[in-house]
Amino acid sequence: MQLAEVRNVYDHDGPFATVYLEGRAPTPDAEHQVRLRWDDLRTRLEEAGAADETVTALENAVIVDDITEVQNNGRVLVANASGVLLNADWDAAIGAGDAVYFAQEPELGAFTRERARSVRMLVVIADRTGATIRRIVAAEEHELNEQAEHHVSATANASVHKPREGALSHKQIQRRADEETQQSLREVADKLDQIAADWRPDAVVLAGETQGRNKLHDELSEALQEIAQQTEHGGTDDDAAEEALAEELRLIASDVADVRSQELTKRYAHARAHDYAVEGSEWVVRAAEMGAVETLLFEHNRSATEEAKVLGASVKVDASLGLLSSDVEDGVAAVLRFEAPDELKK
């Protein structure tokens, strides 16, 4: 992930209160359950010394009108005395539990690690008249999480269906229909560009009618074509079609994650061989202070020593974050922007 996504938090002064509220299945008494959980977290924050304005800002972000959404999606929140700085879905596995921290650095290691291991997909179920666009997040050990759905259809009044009969008029109507269909799919492609600019998908998956998805692929921007792939499986016709699509998306997400891991492993090995990498918390922080960290690397399932400090230093130099499956000193390493100077070599 690009750590610029949380840069705003680190542009403020601490101390910071960080709250993780686990997502749970919605229940009839969701409001009561969330209030009980928040009461416990609030007490722990107050005992840790958090200012009243910080606690109040967090409470206002948790106790909202649509509290069932908070219960279902979970939340990660960061606040300081000026207010809430981060308020995002927290897709932790069931059983992870709630957590609270109050320190000079925000505790975003768990959040950024979860974001780094997830795969974001823009899924487009296309036909010749438009498309349904879904934002899907797939992460290990989680169900697919559909974050949003958009419907984009032709704005023209004329039909975009091909006529079944007619000689010369057939060709004229056909040409007109094709142009309007292309205009509709261009609108879909424009919508995808808008979503991608903010949401930064890892893959674009084109499903639905063969002709529709082929034409849509041709309308995609170059950047989205590079991460696009098509599937013939599933759609929106019925439950069976939806399940077939969901299964295909799980396979695609797994492939994307595997390729990402392989590329990162190769890149780190190459960087180490050419003095473009360091490992260990102290050395990564030193490298970040020099502006050298390009990609921060956490071990996949182990917290790093002084993780909050390492993460904060790397965020401030606009690094990205990746996960390693191999062991490294202190659970953290980094690929550098330039060859490591002598003071970073052990």
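In helix α10 (residues 281-289), the buried residues are Ser281, Trp283, Val284, Val285, Ala287 and Ala288; buried means under 20% relative accessible area, exposed over 50% and partly exposed in between, with a 1.4 Å probe and protein chains only. The model is predicted, so local features need pLDDT of at least 70 and side-chain atom pairs count only at pLDDT 80 or more, whereas totals for chains, interfaces and linings use all residues. Residues are numbered from 1 along each chain as its sequence is written, and side-chain values use heavy atoms, with hydrogens and water left out.

Helices (H or I, at least four residues) and strands (E, at least two) are DSSP runs numbered from the N terminus. The cover over the buried residues of α10 includes β10, β11, α11 (307-315) and β13. Gly291, which follows α10, has a positive phi near 75°.

The largest nonpolar core has 41 residues, of which Leu108, Phe111, Val293, Leu296, Phe298 and Leu336 touch the most other members. To this core α10 gives the most, with five residues. Such a core is a set of buried Ala, Val, Leu, Ile, Met, Phe, Trp, Tyr and Cys residues joined through side-chain atoms within 4.5 Å. A second, separate core of 19 residues includes Ala189, Leu192, Leu206 and Leu224.

An open sheet of four strands has the order β10-β13-β11-β12, with mixed pairing. Because β10 (277-279) and β12 (320-324) stand at the edges with a single partner strand each, one side of each is left without a neighbour in the sheet. From one strand to the next, the twist averages 25°. Helix α9 (residues 239-273) lies across β10, β11, β12 and β13 and runs at about 100° to β10; axes are lines fitted to C-alpha atoms, for helices over the stretch in contact (heavy atoms within 4.5 Å), and angles run from 0 to 180 degrees between N-to-C directions.

| Strands | Bridges |
|---|---|
| β11 (residues 293-299) and β13 (residues 332-336) | five bridges |
| β1 (residues 16-21) and β2 | five bridges |
| β2 and β3 (residues 83-89) | six bridges |

Leu297 stands opposite Ala333 in β13, and Val19 opposite Leu77 in β2. Six of the six residues of β2 (residues 75-80) are buried, so this strand is largely enclosed by the rest of the structure. Arg75, Leu77 and Ala79 point one way from β2, while Val76, Val78 and Asn80 point the other way. A hairpin through two residues joins β2 to β3.

Methods: Two strands pair if DSSP finds at least two bridges between them.
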